[in-house]
2 protein chains.
Amino acid sequence: MSLLDLSSELAIGIDIGGTNTKYGLVNHRGEILAQGDIPTDRSPDVTDFINDLYDALSPIIMESKAKIRGIGVGAPNGNYYTGTIEYAPNLPWKGIIPLAKLIGEKFDVSCTLTNDANAAAVGEMMYGAARGMKDFIMITLGTGVGSGIVANGHLIYGHDGFAGELGHTIIRHGGRLHWSTGAEGSLEAYCSATGITLTAKELRQKHSDSLLNNYKEEEINSKIVYECAEKGDEAAKETFRFTGQILGEALANFIMFSSPEAIILFGGVIKAGDYILNPTREHMEKNLLPIFRDKVGLVFSELKEADAAILGASALAWES
Amino acid sequence: MSLLDLSSELAIGIDIGGTNTKYGLVNHRGEILAQGDIPTDRSPDVTDFINDLYDALSPIIMESKAKIRGIGVGAPNGNYYTGTIEYAPNLPWKGIIPLAKLIGEKFDVSCTLTNDANAAAVGEMMYGAARGMKDFIMITLGTGVGSGIVANGHLIYGHDGFAGELGHTIIRHGGRLHWSTGAEGSLEAYCSATGITLTAKELRQKHSDSLLNNYKEEEINSKIVYECAEKGDEAAKETFRFTGQILGEALANFIMFSSPEAIILFGGVIKAGDYILNPTREHMEKNLLPIFRDKVGLVFSELKEADAAILGASALAWES
């Protein structure tokens, strides 16, 4: 195959989330030529979901006139080795779903699966803030907390494909109960958007003059907390300080594990900017052994949130 | 060079500890043909130490009549990339010591350095309980707590060579003060021999009938605690249960990081056998997400403690 032929090939990157599934047609330079999304949560049967995906992608593929090299998928609990999604709590399909096989058969091309955070880490390594890095950790702070870990230039999958569940590590023994895992004091219970909302609801009760008290219980979310912080609200700012403290403590532990060159933060929560970044950095440094201090970068993702996972997933297709 | 020549080559493995330094002459099959030790703590000047080492090893090397392929060294805070020992709290030499360069020059062969726990992990991977494994974590439970992490078949060194300081991760926020780092609640503060001794001293005060109360404060150590546990002493058994709980919680966090096939426990503390293994396994499993449960091996090292680091260090020499 000549280089010319290769450059006319395209890959499909798919990012499956609990609510929506985003897809993109990506060329070898990491340019997304077309993209779109379909709902995930309206298909209790995975076959219906794959049919929806096929119906959405077929016209785009036809129009591109390109050969499709392969499909890469990032999904919660996606297993790179087996191509299956296993017991994903936030997806409508229960048990073990052979997703890569089903998609590969429907589209008649090879399909590679990994978890959503790993896909985003690959996207960041190839096209974003981790370009050229051989050792970094990507932490996704969204509805949940995910992670993708790269060491020696390769994603760490572990012996079974499930490595990198840093959101479920326990950072406060006997701490806040997690709403779905039942664990006490996990990183996700504090530093996800869900966790931030819980913290804000606790803290506004201690600050009777807080702007957060102008909202109904069900209205509070991490975006509202950010808006209140911007207006100088103490309870809102304290919410981010506390979140950053917990995150910083957790990052210090992760750094003493794999000694990454940088930690890349990703996901909706980073919209809070310095409100979250400053306390995170402070407590990360404070909890490190001296040999690790002042040398690990702590930066935000350079990719649009939707793009990173699509790009990373598409990169899997080029490698397969 | 023919295979015959290679088989008559030998490597030197050196394991530098705070008190003693062990060395061995090792063949390509991992057989230790000669070994010995010299004191570490009697040489405040590293040049004196290297001269002692040379004086001890020279006759053995001469006698073997073999060509020395290289020297591998495992040492606390040993950096694989730079060949330096950096700010090791338990060694007599302060600051940054270019140990690989100094030894290489003195012996006139190449010298490779890594930290002691990494060396032990390589020894275990080549000749011990981790044979054939591509993903495992070795935890050394001695005076301190060290670790060597293997993923995708390679040691994780991190961007700067200092990865794998799991003993310094914080497992109990605001917990026991560490005697040298000043950190609160680190794994080492509880699960090292030093930590176990502290726990036993606390617990014997709550059990007035404990056999541990027959000893003076300075006599208590992890060996005495084991002997008392063997005699059925409740405070001693409770000491190991508590130690195992903390260790198990920490291991669960580590598993959710790199998803190893097994965790290998190593070092003096494992002489406590099931007293430490059973509670560790119980709390490790209890703190794992369901997808990680009942599939990670938790086993003791299969190598003699002195041999593992010498073998692992010598393996570095073959690779260089």
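1. The place where the chains meet takes 35 residues from chain B and 35 residues from chain A, with two residues in contact if their C-beta atoms, placed from the backbone, lie within 7 Å. On the side of chain B that touches chain A, helix 8 (residues 234–258) of chain B gives the most, with five residues; helices here are DSSP runs of H or I, at least four residues, and strands are runs of E, at least two, numbered from the N terminus.

2. A word on the source: this is a predicted model, where local features need pLDDT of at least 70, side-chain atom pairs count only at pLDDT 80 or more, and totals for chains, interfaces and linings use all residues. Residues are numbered from 1 along each chain as its sequence is written, while chains are lettered from A and ligands numbered from 1 in the order in which they are written.

3. Asn152(A) isn't a glycine, yet has a positive phi of about 55°. Look for Asn152(A) in the loop between strand 9 (145–151) and strand 10 (154–155) of chain A.

4. Ser259(A) has a positive phi as well, near 45°, and lies in the loop between helix 8 (234–258) and strand 11 (262–266) of chain A.
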